[in-house]
Amino acid sequence: MDFMPFFFDLKNRTCLFVGGGAIATRKARLISKAGARIIVVAPYITDEMQLLVKECHGECHFRKFEEADLECAMLVICATDDSEVNKHVSQVAQAQKLPVNVVDSPDLCSIITPAIVDRSPLMIAITSGGEAPVLARQIRSKLEVMFPSSYGTLAKIASKFRHIVKNKLTSGEQRLRFWQSVFEGPIAEKAFSGKISDAEKSIHALLESYQNLETNELSGEVYLVGGGPGDPDLLTFKALRLMQQADIVLYDRLVSDAVLNLVRRDAERVYVGKRRDDHAVPQQNINQLLVDYAQQGLRVLRLKGGDPFIFGRGGEEIELLAENNVPFQVVPGITAASGCSAYSGIPLTHRDHAQSVRFVTGHTKDGKLDLDWQSFLDSRQTLVFYMGLVNLDEICRELITCGRDENTPAALIEKGTTPDQRVVVGSLSTLSDKVKNEAVRAPTLLVIGSVVSLNSQLNWYKNK
Ligand code: SAH
């Protein structure tokens, strides 16, 4: 992180401007909105800037900058077209440990001004640290659309109730839930459509109902969420929403860091495994933990790689929840087969190649493969083996032995959909050796069938 964002209270504090041209005026407009008192030192000062200075009871000095000008300043903004002056002001201000911003010269700044979305009292600030200002501005435009000006109204209503709520709801947990229901439900809709007194009435009513609740009566819930194969852009909206409101998250090894980073920052994180042979927390304990946390009133996120109902043991986890009457929601995720197929240019079905697809586990409880090999003979069916890396050699051999053509194309996709994705392509007779030479690491997905031959044409990611 190159810069640390802070929000500066400038009310009645003096801000020194060196320079009084158009650029300085633009900055002064913003700074005066924050209630600062502005002093300008410049041989020329625009009419608008003079007016702004007058409104905030500041001062205009029509001359060149002198070091003594810094004495009364809390903050220095320098916007002259003379690079020597800019450099000098930056040096002397920094020598006096004053925060200084030199417009369009990040190297001379100790603070930079972000692109702002102003929904006062809500403020969103974006910066690229001066590295990509156009990108920062584009993000601001997106946020401007995402957060219409009525968000300011909602924030103002919330601010009015802040102290009342704090006094009436003593538990932090209750207050958090209370505000979440205000901001996510019909009350927010009322505020957005300008029905302020309606919204306020509803807040009073909600507050009363919360006061009658004990903390331990807050009902917990479990969200069994599919986090997809790795690329965070493959999450569903629903997954993201629930990830943002969880109190605690239980996640396993398949969940990528990029996905985990999207979980609410305050949520407690519990790692529950599992590597192939190292089950950090045994499955029964995970099932029980979900029940226990939910019964404490927490919103528990069970975050899984891919889809929770495809080789994810999601079914077992919600069985115990159902037995214990714990409310739950299941959110599907993009399963590894879909993600890897799309990102490696291997369609799982294709009119000319495969009329069906089968998802198979390549790992069994005791490590032995006990599959009905005869059922895999259809050359127009794509086979996808999950957890197949360790038994890759055996899977390919068994398929040949039972009668599948040894030239059937086969691919192993490593860390599919992530920036580290690799695809090793061969056939049933060659893939295993190729993989050995490539030092491939889990997670990997094995795809077998004629569709794999399309990879050389359709792998857009590789061909880019
Ligand atoms: N529920 C998951 C599967 C869990 S089983 C899903 O729907 O995807 C774990 C196996 O999934 C791994 O051994 C591997 O075969 C596969 N897998 C998961 N993520 C993967 C990825 N990013 N790339 C390749 N294979 C992956």
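I began at Phe-359, which I found in strand β13, residues 356-361. The model I am reading is a predicted one. Phe-359 counts as partly exposed because its relative accessibility is 31%, and the class of partly exposed runs between under 20% for buried and over 50% for exposed.

Next I turned to the ligand. I listed 18 residues surrounding it, and the closest are Asp-307, Ile-310, Thr-335, Gly-416 and Thr-444. Sorted by class, this shell holds 11 nonpolar, five polar and two charged residues. Looking at which elements contribute, I noted that α13 (336-344) and β17 (444-448) each supply at least two residues of the shell.

I then went through the polar atoms of the ligand one by one. An oxygen atom of the ligand lies 2.6 Å from an N or O atom in the side chain of Thr-335, while for Ala-336 I noted a polar backbone atom 2.8 Å from an oxygen atom of the ligand. A nitrogen atom of the ligand is 3.1 Å from a polar backbone atom of Gly-305. Taken alone, the ligand exposes 540 Å², of which the protein buries 92%.

Side chains of opposite charge can pair when their charged atoms come close. I recorded a count of 21 salt bridges, and looked at three of them in detail.

In one of these, Asp-247 pairs with Arg-299, with 2.9 Å between the closest N and O atoms. Asp-247 sits in the loop between α9 (237-244) and β9 (248-251) and Arg-299 in strand β11 (residues 299-304), so this pair ties together parts that are 52 residues apart in sequence. Both Asp-247 and Arg-299 are buried.

I also looked up Asp-252 and Arg-302, whose side chains meet in a salt bridge at 3.5 Å, N to O. Because Asp-252 lies in the loop between β9 and α10 (257-260) and Arg-302 in strand β11, the pair ties together parts 50 residues apart in sequence. Asp-252 and Arg-302 are buried.

Arg-422 and Glu-438 meet through their side chains at 3.3 Å, N to O. Arg-422 is in strand β16 (residues 422-427) and Glu-438 in helix α15 (residues 431-438), so the parts tied together are 16 residues apart in sequence. Arg-422 counts as partly exposed at 30% relative accessibility, and Glu-438 counts as partly exposed at 38%.

Finally, I noted a network of salt bridges that links Arg-177, Asp-247, Arg-264, Asp-266 and Arg-299.

Technical notes: Residues are numbered from 1 along each chain as its sequence is written. This is a predicted model: local features need pLDDT of at least 70, side-chain atom pairs count only at pLDDT 80 or more; totals for chains, interfaces and linings use all residues. Side-chain values use heavy atoms; hydrogens and water are left out. A residue is near a molecule or strand if one of its heavy atoms lies within 4 Å of it. A polar contact is a pair of N or O atoms within 3.5 Å; within protein, one must be able to donate a hydrogen and the other to accept it, and residues adjacent in sequence count only if both atoms are side-chain atoms. Accessible areas come from the Shrake-Rupley method with a 1.4 Å probe; for residues, only the protein chains shown count as cover. Helices (H or I, at least four residues) and strands (E, at least two) are DSSP runs, numbered from the N terminus. Ala, Val, Leu, Ile, Met, Phe, Trp, Tyr, Cys and Pro count as nonpolar, Asp, Glu, Lys and Arg as charged, and the others, Gly among them, as polar. Buried means under 20% relative accessible area, exposed over 50%, partly exposed in between (1.4 Å probe, protein chains only). A salt bridge is a side-chain nitrogen of Lys or Arg within 4 Å of a carboxyl oxygen of Asp or Glu.
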